[in-house]
Amino acid sequence: MLSDSRGEMRVDVEYSPVGEGLGMSEFWLHVWMRRVAVIAAHVIAFGLTVLISLLSRPGTSLFSWHPVCMSSAYLLCLTEGILLFSPEGTPFCFKARKGKVRLHWFIQALALLAAATGMGFMVASKNVSERPHLATWHSLLGVGTLAANVLQAACGICLLFPKLLKLSPPRLKLYHATCGLVVYLLAIVTVVSAMFSDWFQAAVKGVMWYAFPLLPMFPALVVMNQITNAYLLRKKITT
């Protein structure tokens, strides 16, 4: 601390461009790591959907369409519908948020339609084979996931009419994002539980099987990070 010619005290702080440069490099490294993680989530979601569809051999039976529809709904559509709003990277080129919201609605509607279709094929297959319904944890989780997905869609519709609920749009968006995260994590748990079924363990054997239950966890972590950073943590800071 030094005194100037007028007798006022000033603090002599040495400027360090090296420290600033280090901070910027760490910032850009963090940005690129998040971008790579988002791209990897896209690849894993699409790749798992294709692999499960090939393993199910669609058309060979009524059940064969169930894994195709469910993986398309909850691994592909649900993931892409959320990562559409990721600032780090998305395959869609919409810059305006209105365009992203419309595409989000379309993708989520496809997810709900594919999930309902997959559930229908499962019910038909059980009726033909005369096997009991809701006899496994996977089937119970599947019904719960579909029910939660319907409720989440209803919550999304409420965003179109915020005045009727007498809630502010930011609060409705927070509720929608929170419920969406719960639905997505429930969907991932359901998908992972399917990999412990007799059908999947018969289709994938050996060491390769151990990688499949872990792969859906990565997109789940990316989606969780995106939603918490965009809505939950920001809400906590502002309040």
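This is a predicted model: local features need pLDDT of at least 70, side-chain atom pairs count only at pLDDT 80 or more; totals for chains, interfaces and linings use all residues.
## Confidence

The mean pLDDT of the chain is 83, and 79% of the residues score at least 70. Helix H2, residues 65–83, has the highest confidence in the chain, with a mean of 95. The lowest mean, 44, belongs to strand E2, residues 9–10.

Over residues 1–22 pLDDT stays under 50. The model has 11 contacts beyond four places in sequence for residues 1–22.

## Annotated segments

An unreviewed UniProt entry lists residues 36–56, 62–85, 105–125, 137–162, 174–196 and 208–233 under "transmembrane region".

Two of these ranges can be set against the model's secondary structure. Residues 105–125 are 100% helix and 0% strand, with 30 Å between the end C-alpha atoms. Residues 174–196 are 91% helix and 0% strand, and their end C-alpha atoms lie 34 Å apart.

## Nonpolar core

The largest nonpolar core contains 39 residues. Tyr-74, Leu-78, Tyr-184 and Phe-200 have the most contacts inside this core. At least two core residues come from each of helix H1 (17–56), H2, helix H3 (97–129), helix H4 (137–158), helix H6 (169–194) and helix H8 (217–238).

For Phe-200, the residues touched, leaving out those up to four places away in sequence, are Ile-52, Leu-55, Ala-194, Met-195, Trp-209 and Phe-212.

## Second largest pocket

The volume of the second largest pocket is about 860 Å³. Its lining is made up of 35 residues, of which Phe-63, His-66, Met-122, Thr-136 and His-138 are the closest to the pocket centre.

H2, H3, H4, H6 and helix H7 (198–203) are the elements that each give two or more residues to the lining of this pocket. H3 contributes the most, with six residues.

## Val-31

Val-31 is located in helix H1. Val-31 counts as buried because its relative accessibility is 10%, and the cut-off for buried is under 20%.

Pro-87 is 56 residues from Val-31 along the chain, and the C-alpha atoms of the two residues are separated by 9.9 Å.

Note on methods
Residues are numbered from 1 along each chain as its sequence is written. Side-chain values use heavy atoms; hydrogens and water are left out. pLDDT is the predictor's confidence in each residue, from 0 to 100. Helices (H or I, at least four residues) and strands (E, at least two) are DSSP runs, numbered from the N terminus. Contact means heavy atoms within 4.5 Å. UniProt positions are given in the numbering used here, feature names are shortened, and annotations may be inferred rather than shown by experiment. A nonpolar core is a set of buried Ala, Val, Leu, Ile, Met, Phe, Trp, Tyr and Cys residues joined through side-chain atoms within 4.5 Å. Buried means under 20% relative accessible area, exposed over 50%, partly exposed in between (1.4 Å probe, protein chains only). On a 1 Å grid over the protein atoms alone, a cavity is a set of points where a 1.4 Å probe fits but cannot get out, and a pocket is an open set with protein on both sides within 12 Å along at least five of seven lines; lining residues have an atom within 4 Å of a point. Grid points are joined across faces, edges and corners, and a volume is the space filled by probe spheres set on the points.
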